[in-house]
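Let's take a friendly walk through this structure. Have the sequence to hand as you read.

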Amino acid sequence: VRITGIDLRGVNARLGVDADGALVLDAGSEPVKLGKGIPAAAETSDSSALVFAVLTAVDLMAREDGELFALETAQLSGAKLSLVDAGGNERIGFDNVNIRMTPLDSAARRIDINARGASGIKDFSIELRAGENNLRQASLEVRQFEPSDIFALVLGGSWGGLNGLSLSGKASVQTSGPDTPLLAKLDLNIAAGSVQMAGGASNAMHVDGGKLRLTYNNEKGQADIEELSLKSGVSGVVLSGFARRSLPQAWNSVLTGKGVFGGEGKDPAITVDQISLALSGQENGDLALERLDVRGPSLAVAAKGIMRSYATNPGVELSMTITDSDARAAIALWPGFVSPEVRKIISSRTPAGFIERMDLNMNFPPEVLKAAQAGLAVPDDSIKVTLKGRNVRFLVTEGLPPVSDAAIVAVSTGRTLLVEASSARTEASPGRFLSLSEGSFAIDDTYDSRALGRVGFRTTGSIEALIALLASPVLRDFAPFRVEPGSIRGNLDLRSTI
């Protein structure tokens, strides 16, 4: 008797690999080994074992002597399917799984798969073909697949920071047996979605779409990324590089490219000629930003950081240095979750300037990160930003002329802000300037909406310029005396504290 077809409905099954790398199906009774599988699977970490399980299934269905190849049709409807690693841990679970396998010719089968998981619908087709010299090929047409499930499959834990970004396009897998390299190629489109840092440490970054093209060689344990492009509004990047498994449960990736970043507020976009990014996944679950260099005509940024235990109880550390950059470009790249109140003050009051150097350091352990997410004040020592700038233009308040050509040094912590200006000037009236020095602006608690800034400065220049300034609408009612313009002449040297 030869079985030529199977139709299963409502099955609850677990599919994975055992310690020997064999594909194992457990449908509620005694687990069944479907074949010897790929021996390399036994030597890999749990983080990649399920990848080999899927490839084993592909290999089994394409073998002429395999248990599944002899079937003319096979159908699975309304099933629940869990993909588990060698330790029995579920990596991905699917509800309402529908699979149909149909013959194409004597050496090929087509498998249509539709399933629903926690992150959405998976919809793709696989064409399996056996060729000469033991060649096995699988061509995939992906209509919808979420990258968060790939994260869970390959890295062993889901990352809630990926929302949407559904993948669609073409992929292929090729091998001539367990002793030869397995090659895979992907050419996928990325749909709209969002990316968020671990634990919601920052606002979600919307992505309009993108492209991913790569080749993978399991012998090298490396994916060569030919193109990773992402677009979000006026911003966009195009990167290439590689991602490889460095240790049994660790990986690293290096990407380089160029792009355009949206400016701050209504500022023009920022051109970036060089992006260099190095990431690594640690065995303990940490995600490390080993290096980020961003350079363009108006800015130079270097950063590094780490997201600790991001899958469970996240914490974030970050350091960033910006040198020889346009002030508005530097503000645009200042992460919004770092001293948000200080950032808002500087962004709204600094329309121009040049940053000689800006150092940003933050350390958010889990409890501090939770407070920041809730909009609460963070410890003073959790953040420190130092800045040195020149030719800075600063808006003191509406109705007063701006301070210009300022040379400043600023220090911001978790709750405080201090800006010191060694020199600056202000145009009190057309053609009349006052020189400012020994200036300072301080706020003791940036989270206190009632907190007032303390201002101190030294003013030198003509008395006529001061009289013109005091006659401005915003200061007229506060002037201690009224003097007609031109009635007093001379120079002044005045120290003020507000």
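## A strand with a positive phi

In which strand does Asp324 lie? Asp324 lies in strand 22, where strands (E, at least two residues) and helices (H or I, at least four residues) are DSSP runs numbered from the N terminus. Asp324 is a residue other than glycine, yet its phi is positive, near 45°.

Before going on, please note that this is a predicted model, in which local features need pLDDT of at least 70, side-chain atom pairs count only at pLDDT 80 or more, and totals for chains, interfaces and linings use all residues. Residues are numbered from 1 along each chain as its sequence is written, and side-chain values use heavy atoms, with hydrogens and water left out.

Helix 6 spans residues 366–373, and Val368, Leu369 and Ala371 are buried in it. These three cover an arc of only 160° around the axis, so they sit on the same side of helix 6; the arc is that of the directions from the helix axis to the C-beta atoms. Buried means under 20% relative accessible area, exposed over 50%, and partly exposed in between (1.4 Å probe, protein chains only).

The face turned away from the buried side carries the exposed residues Glu367 and Lys370. Strand 22 (315–326) and strand 23 (352–364) are among what covers the buried residues of helix 6, with contact meaning heavy atoms within 4.5 Å. After helix 6 comes Gly375, with a positive phi near 75°.

## Glu438 in strand 27

Strand 27 (residues 432–443) contains Glu438. The phi of Glu438, a residue other than glycine, is positive too, near 50°. Glu438 counts as partly exposed because its relative accessibility is 47%.
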